[in-house]
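Subject: Structure handover

Hello,

Here is the structure for your files, with notes on what turned up in it. Please look it over before reading on.

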Amino acid sequence: MRRVYLDHSATTPVRKEVYQAMIPYLTEKFGNPSSVHWFGREIRKDVDEARERVANALNAESKEIYFTSGGTEADNIAILGTAYALQDKGKHLITSAIEHHASLDACKALEKQGFEITVLPVDEHGMVNPADLEAALREDTILVTIMHANNEVGTVQPIQEMASIAHQHGVRFHVDAVQSVGSLPVDVQDFGVDLLSISGHKIYGPKGVGALYVAKGTKLANISHGGAQERNLRPGTENVPGIIGLATALELAVKEQQETYQHLVPLRDKLIQGLTAFPDVTLNGHPEHRLPGNVNVSISRVEGEALILSLDMAGIAVSSGSACTSGSLDPSHVLMAMGLDHQTAHGSLRLTLGKSTTEEDIDYVLSVVPGIIERLRKMSPVKKNRED
Ligand code: PLP
């Protein structure tokens, strides 16, 4: 059976160059970078070189890069680390309603500890209004954390503008760039941000590794305790193969970003056009300011989960816009924040394209989806006239 993977926002395969760069660090180059002997010193040098490579790819300085266990940990260190470091100055943070749970739940945890969180709304396309940010800033605000590109609907936020607003009020800005790096230009100087998170497995690198950019002079408290690795900010023996893999993947992703963009956009647009040509199928997310590989549609009178299973049987791997996959029946907080009703949010589908996606893949999906939608709609208890 033909297999088509359209879930690149969930994860990507490790590319050959990355895997090959990692192999020596799983075998003969096994030393602990903290060891003083040759086996360790050799690895320390390679980890520092990887730090330099990550810094170059983001237009940062090497000492501004901290390796983490992924995007989640990078977000947590940025948010909790800022809150604990600056709590004497204030206890107010600002985020948006469509953040990844790595950020949203870190903010919720702070709320339980006596911090106040303002959650900015988004419009029907998932966009934060910079004027809302300006209005929410207060004397006691210590951090604004807003993602660059959304993982569900692909909407891209005006980070530069919002970081500049925060800075005019002397407030620090963190951006989660996990989904955008490699797909769009990500440059810490251009963005003018203080903190930026990335993750390896979204850019054809390994899972379980990421990095946090921390601009020079940005004070952070350490949120976990142990050794002095990563200058105390992220204690624990370094994931050396992962770090080498992340540096290699990031370098390649940034070098090929334009080419990847040019490859993905026409395929994405063909898929959007094909799907939305079908009756009662609508696009979620911004029509223009969206990730080059993201398609998210709502299909009325169809359960997203049933659609995913039917597509899976046809060899097509996609994901749902709702959180049902995690065992919860709650619809996606992102789609709900964009104003979709429960039913429409439940009938949504995310298809995310990647480097290996071909036009034949898109044609195959478009040949299979209409039949599945028709069949599921026939079975649906929700009839068209009940919705109109
Ligand atoms: N932030 C965003 C926007 C994401 O999409 C993800 C992963 O889905 C994360 C953070 C978490 O990254 P990781 O899986 O590396 O912990």
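The largest cavity lies between domain 1 (4-12 + 257-387) and domain 2 (16-255), because both give residues to its lining. Please bear in mind that this is a predicted model.

The cavity

The structure holds 2 cavities of 30 Å³ or more. The volume of the largest cavity is about 300 Å³. Its lining is made up of 23 residues, and those nearest the centre are Ser183, Lys202, Tyr204, Leu264 and Leu353. Two elements give two or more residues to this lining: helix H8 (240-255) and helix H9 (257-276). By residue type, the lining of the largest cavity divides into 11 polar, 9 nonpolar and 3 charged residues.

Helix H6

The other item is helix H6, which spans residues 159-168. Its buried residues are Ile159, Met162, Ala163, Ile165 and Ala166. These five sit on the same side of H6, because the arc they cover around the axis is only 160 degrees.

Regards

How values were computed: Residues numbered from 1 in each chain as written. Predicted model: local features only at pLDDT ≥ 70, side-chain atom pairs only at ≥ 80, totals over all residues. Heavy atoms only, no water. Buried < 20%, exposed > 50% of the residue type's maximum accessible area, 1.4 Å probe, protein only. Helix = DSSP H or I, 4+ residues; strand = E, 2+ residues; numbered from the N terminus. Arc of directions from axis to C-beta. 1 Å grid on protein atoms, 1.4 Å probe; cavity = no way out; pocket = protein on both sides within 12 Å on 5 of 7 lines; lining within 4 Å. Points joined across faces, edges and corners; volume = space filled by probe spheres on them. Nonpolar A, V, L, I, M, F, W, Y, C, P; charged D, E, K, R; others polar. Domains from an automatic or database assignment.
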